[in-house]
Amino acid sequence: MQNTITIKGAKLHNLKNISLSIPKYQVVVLTGLSGSGKSTLAFDTLHKEGQRQYMESLGMVDYMGKPEVDSITGLSPSISVDQHLINRSPRSTVGTATEVFTYLRVLFARIGHRVCVHCGADIPPSHDVALDSDESGETDVTYPCPACGTPIPELGMAHFSFNKPIGACPTCTGLGVMHGANLPLLIDPALSILDGGVLRWDIHEIKRYTQTIQTAGEYYGFAFDPALPIGELGEIPYDILLHGVSGDRFRRHFPNIEPPDTVSKGRFEGLIPNLMRRYADNAHNAEYRENLQKFLVMQPCPDCNGERLRPESRRVTINGRTIIEAARMPLNDLREWLTSLEETLSPEARIISEPVVIDLRERIHRLIDVGVGYLTLERATPSLSAGEAQRLRLAALLGSGLTGVLYVLDEPTIGLHPRDNRHLIEVLRRLRDLGNTVLVVEHDLDLIRAADYVIDIGPGAGQHGGEVVAAGTPEEIALSRDSITGDYLAGRAAVPVPPQRRPINQRALTIRGARSHNLKNLTVDLPLGTLLAVAGVTGSGKSSLILDTLGRAAEQRYYGASERPGEHDSISGWQWVDKVIMIDQTPIGRTSRSNAATYTDAFTPIRQTFAALPDAQGLSSGHFSFNVPGGRCERCQGAGLLTVNMHFLPDVEVTCPACRGQRFRSEVLAVKYRGFDISEVLNLTIEEALLLFEEVPAVANRLALMVDVGLGYLKLGQPATMLSGGEAQRIKLAKELSRRAAGHTLYLMDEPTTGLHPADIVNLLAVMQRLVDADNTVIVIEHNLDIIRAADWIIELGPEGGDAGGKLIAQGTPEEIAANLISPTGRYLFAEMVRV
């Protein structure tokens, strides 16, 4: 048996003809500076070749190109666990994605109790196991109520699914939320209708609609005075203005009067029904709907109140708890509740439920092991971070029991507090002990120290990387003077701490009574003019406080955003802030046509530079764009690739035969700037492009900022869909840095160190400190101890994740947090300070 994976002559992207042997059946970490070639070696070479060899065994080798490598021997079937796993469907939840909710549905269908709607008696389950497999739910099976004999319809699994018509709330179709009107953008209660209180009505609409409402008033017998402020109209006039004559809110006042049937008789549609009708009627007009969306907000469904299921399904209980209540429990608590069931169930129910409960507990246990025990089953999958989605997949792989597999993981520690790293390390070792090879692309020093074998790729990024700098045990890497990673492992290098902290002044933002998600009526001061780190174990409420509450409130206040902030009493101190910029990890574009150059506006002056060249006669800057007709290849519409439909297999992308992947027409490619055509420029790294355009300030300034935030290794034309969350966030940061400063700016960042080597964090930290030195405030949600250690002030939430979190457990300087005995972050911060 071959105990190594042997790679010879790997030359893809920046890899410099690498040859190396990777030991099998071990935890192997690939590390190195951001952009050094780790992912190219792990995913684009090893994993892709593993896929190709599998496809070749199916006789489909023609559809997958071989990576640029001479040979790879000893390769096992590979499974990748990367950062692009999130299901964006609003119908997907943690429960559905992990199948835990499926087993919970089986449990409630088998042993759930409900109340007879006729006599109020308790109705025990019928224990008809056959209904568990009927996912359609279309059944006419009934059984009599034991008290009054009324036929009661049998409930199966499908009745507890919000993705099945038989189980979903009919009003919201199982989504739990619906669009509602954003009233502050529709009306101003302080103004009358005549003075413009209905914000979207012009003078002609004011006259026409006022006449219609007054006619309705004569029809029903109430007075309507358009000169009164809207907030003082009275209940009936206010209801007709908002809901119209057909709305339930208005009709409740006149239940025995049919609405008028024409406008001339007073048939007024109402502001809210009119808005919702126009939004629904223009389902195929994306631009029109986008304009209307700012007047809409997502609200809980008025019938199910966000619970998604039909009333009869929501009333079924096990030991007094409904399936909705179970789905809202953190996984840690749900496991305890399932364990306690055994003592309360009847002998018959215990026999029927035992296999389901055992399987449920095992699945939940794996999820807790990978560090997501604070999540609830009802948590929407699109709201998960890349790290959380990755750990859900890791838990599923733990349960598969596969052996002889190569697992390729991309930074599994992202989003994890240092305290939780040890659980993740144990999971990786369990995968290894099953007889698998675990290859991890990682920068976290704790995980590197825990690895069996480490391969350091470098020495630099982009064209300066692509070589094996060192390979061996963590101890051997630490001894290597050629390895930057080794310098940080051994303590020869460290992220610098500022010589002194900035003083905390009287200017502060104060959030009072924050209650979003798991926050426990939290009141906290956020000192301005500082680098402020928000720390805490995973799931403790950091994002709920800073992004969902403070960030959304700021976007509403400064930019009129429609999304409502998390529930809170008030936020004071806005008078000190002129502008708020929220830089999170959401993608910068959902199509491959968006990239770092287009997003930061660096591509516009590049195109203008090409269009101004003597060889570009008759060509405008638009001809050098791959997004519009003119100069692009129309066969692939500027993508450089064509998609081949593989029917029952995933689609495959192949190089466009017309432009050979160069995106543009031949006359456009004939124009060269300092020896490079526009296609070749897009294939340069940002660092290489900076040297090429150093004499074009409009380009160089933007590219230099991207280098400053640690993105010099990215290719200019790399599609936005291939960027990690951390990379997308740093591109947003670079774009904001390129804007002209305007007063005191509050920057909110969400784990910007994601994907960064400690040496790259030095550069990012310098950018953050530069922002604060320019009289701004940077609030950063972070687990990385280097950033936390360099902060002026720390806010720590906890003490645990989920329901056990959401409290302010510590605040102060890093030195004060390190000395705090109840702070989980302080314990690791103290150890880090002692080590450095």
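**View 1. Thr-98 sits in helix α2 of this predicted model.** Helix α2 covers residues 94–98, and Thr-98 belongs to that stretch. Is Thr-98 buried or exposed? Its relative accessible area is 11%, and the cut-off for buried is under 20%, so Thr-98 counts as buried.

**View 2. Here we look at what Thr-98 touches.** Leaving aside residues up to four places away in sequence, Thr-98 is in contact with Arg-363, Leu-367 and Leu-392.

**View 3. Helix α3 packs with helix α12.** A pair like this is described by the angle between the two axes and the distance between them. For α3 (residues 100–111) and α12 (residues 347–369), the angle is about 165° and the axes are 10 Å apart. Angles over 145 degrees count as roughly antiparallel, so that is how α3 and α12 run relative to each other. Their crossing is left-handed.

**View 4. A closer look at the residues where α3 and α12 meet.** On the α3 side, Val-100, Tyr-103, Leu-104, Val-106, Leu-107, Arg-110 and Ile-111 take part. Among their partners in α12 are Ala-349, Ile-352, Val-356, Leu-360 and Ile-364. Arg-363 and Leu-367 also belong to the α12 side, and Thr-98 touches both of these residues. What kinds of residues make up the contact of α3 with α12? They divide into 13 nonpolar, 1 polar and 3 charged.

Definitions and conventions:
Residues are numbered from 1 along each chain as its sequence is written. This is a predicted model: local features need pLDDT of at least 70, side-chain atom pairs count only at pLDDT 80 or more; totals for chains, interfaces and linings use all residues. Side-chain values use heavy atoms; hydrogens and water are left out. Helices (H or I, at least four residues) and strands (E, at least two) are DSSP runs, numbered from the N terminus. Buried means under 20% relative accessible area, exposed over 50%, partly exposed in between (1.4 Å probe, protein chains only). Contact means heavy atoms within 4.5 Å. Axes are lines fitted to C-alpha atoms, for helices over the stretch in contact, and angles run from 0 to 180 degrees between N-to-C directions. Angles under 35 degrees count as roughly parallel, over 145 as roughly antiparallel, 65 to 115 as roughly perpendicular and the rest as oblique. A crossing is left-handed if the near helix is turned anticlockwise from the far one by less than a right angle, and right-handed if clockwise. Ala, Val, Leu, Ile, Met, Phe, Trp, Tyr, Cys and Pro count as nonpolar, Asp, Glu, Lys and Arg as charged, and the others, Gly among them, as polar.
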